[in-house]
Amino acid sequence: MVKKIASRVYMGLIFLFLYLPIVVLIVLSFNNSKSKVKWGGFTLDWYIKCFQSERIMSAFSTTLQITLLAAVISTIIGTLAAMGISAMKKRNQTIYLGATNIPMLNADIVTGISMMLLFVKFMNLGFVTVLIAHITFNIPYVILNVLPKLKQTNKYTYEAALDLGASPLYAFFKVTWPEISPGVFSGFMMAVTMSLDDFSITYFTKGAGVNTLSTMLYTELKKGVKPELYALSTILFFTVLLLLVVVNINSNQIPVSASKKPARAKKLRIVKRSVSIAIVAVLVIGCFSVFTISAGGTNNDNAITVLNYGKYIDESVIDSFEQETGITVKYEEYEEPEEMYTKYKSGAIDYDVICTSDYIIEKLISEGEVNKIDYSSIAKLIKNVNQDIIDMSAIPFDPTHEYTVPYFYGTLGILYIKRWLMHQT
């Protein structure tokens with residue numbers, strides 16, 4: 001009795017640690033207050049604003065596109081690779097499985113940096129490079145799920161089907177596929193999970209203007225997470241939960257009489273077929289939208305790529321600039337100057353404008369990485385900015401502003417409570 005109670009308490013604590021943070025997040029998504037500790041009443045405003053936010057919806061759309069495409073392609077390649085490995089001799093299987101396991105054992109950040117260095121040698125970073133990286137990252141997980149199912153199959157059954165006149169393709173789908181399909185679907189679901197949640201590989205292989213939910217959350221953390229993201233996370237959680245419930249429905253859990261088995265089996269086939277059709281439809285629509293958006297977004301010469309600190313420009317300023325000028329701003333953010341320098345020097349993205357610290361600017365000028373400013377193209381700078389401020393912002397390594405222009409101007413003040421200060425003295 002004591003052992004049974006202890007096991008239940010233990011399981012309860014495990015589930016508490018696992019799901020309590022999610023419960024808190026769900027509650028905050030309905031809180032009519034931006035405070036994380038004060039309840040301001042029930043509201044659905046954050047869900048409405050979530051769908052109205054162009055930035056969130058763009059990142060959400062890109063995440064779904066990359067996830068679906070990477071999962072489908074990696075599942076196909078991984079299944080074929082598992083079939084090839086299964087047909088090898090034991091020694092060759094050991095070699096190829098060892099090579100397959102390396103990406104899973106390797107740190108994500110190492111994989112991301114190595115892929116970035118490979119991509120910049122042959123192409124510009126963008127949506128395609130992220131997709132290739134995710135496919136490469138997901139394939140080993142698909143193989144890991146499909147290969148055990150292949151080992152459980154009886155190859156003589158497949159050969160018997162061929163002997164009876166079936167074509168290789170027909171024999172595969174009628175004999176082999178029913179036995180390995182659970183492993184293939186498990187591999188697909190694992191690929192979806194890995195792509196949906198990935199940050200490191202996406203961060204190092206994405207181009208300017210390409211943001212997924214993970215990279216967007218990374219930049220938002222520096223500004224403070226908005227309640228709209230709580231709402232989005234809640235939607236994602238319940239979507240995944242619903243999908244898992246549908247997938248894990250076990251037809252053997254409900255006892256039925258022998259007379260009802262055929263009718264019930266028919267209903268289950270209809271349900272499974274409907275779910276399969278729905279999944280395929282979502283994949284097709286997702287893939288189609290990817291190619292449509294990619295085709296519409298290529299060769300955009302009227303764009304400028306900016307690399308800046310996370311809190312220096314409000315989103316509304318960028319939107320206003322794009323509306324007034326018709327120029328698309330591909331805006332990239334960073335947290336530390338050293339991070340910015342590493343990202344720039346890798347050559348992964350061609351930046352047009354950079355805002356960074358003095359010592360980094362001096363370093364880039366000495367390395368010949370910065371062009372001189374053409375003041376004839378920014379005449380409004382001289383007209384609208386006080387010359388005294390321009391003169392005050394001169395720096396020793398660029399006294400005449402050949403390479404730099406002032407971005408912010410402010411004063412430093414110290415506030416104190418006079419009575420408290422007098423009391424201390």
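Select I327 to begin: this residue is partly exposed, with a relative accessible area of 25%. The model is a predicted one. I327 sits in the loop between α13 (315-325) and β2. Now show what surrounds it. Leaving out residues up to four places away in sequence, I327 touches N302, A303, I304, F321 and E322. Pick N302 from that set. N302 and I327 are 25 residues apart along the chain, yet their C-alpha atoms are separated by 5.5 Å.

**The sheet**

Next, select the strands. In what order do the three strands of the open sheet run? The order is β2-β1-β3, and the pairing is parallel. Colour β2 (328-334) and β3 (353-354): these are the edge strands, each with a single partner strand, so one side of each has no neighbour in the sheet.

Zoom in on β1 (residues 303-309) and β3. The two strands run parallel and are joined by two bridges. Select V306 to find V353 of β3 standing opposite. Strands of a sheet pair through backbone hydrogen bonds, either parallel or antiparallel.

**The nonpolar core**

Move on to A82, L131, V146 and L150. These have the most contacts inside the largest nonpolar core, which has 23 residues. Show α3 (54-86), α6 (127-152) and α8 (168-197); each supplies at least two residues of this core. Which helix gives the largest share? That is α6, with 10 residues.

Stay on L150 and display its contacts. Not counting residues up to four places away in sequence, L150 touches A82, M83, S86, T176 and I180. In soluble globular proteins, nonpolar side chains tend to be buried together.

**Helix α2**

Select residues 45-52, helix α2, and show the side chains. W46, Y47 and C50 are the ones to pick out: they are buried. Why do they fall on the same side of α2? They cover an arc of only 100° around the axis, which puts them there.

**H401**

Finish at H401, in the loop between α17 (387-392) and α18 (418-424). Is H401 buried or exposed? Its relative accessibility is 5%, so H401 counts as buried. Check the backbone too. H401 is not a glycine, but its phi is positive, about 55°. Most residues other than glycine have a negative phi.

Technical notes
Residues are numbered from 1 along each chain as its sequence is written. This is a predicted model: local features need pLDDT of at least 70, side-chain atom pairs count only at pLDDT 80 or more; totals for chains, interfaces and linings use all residues. Side-chain values use heavy atoms; hydrogens and water are left out. Buried means under 20% relative accessible area, exposed over 50%, partly exposed in between (1.4 Å probe, protein chains only). Helices (H or I, at least four residues) and strands (E, at least two) are DSSP runs, numbered from the N terminus. The arc is that of the directions from the helix axis to the C-beta atoms. Two strands pair if DSSP finds at least two bridges between them. A nonpolar core is a set of buried Ala, Val, Leu, Ile, Met, Phe, Trp, Tyr and Cys residues joined through side-chain atoms within 4.5 Å. Contact means heavy atoms within 4.5 Å.
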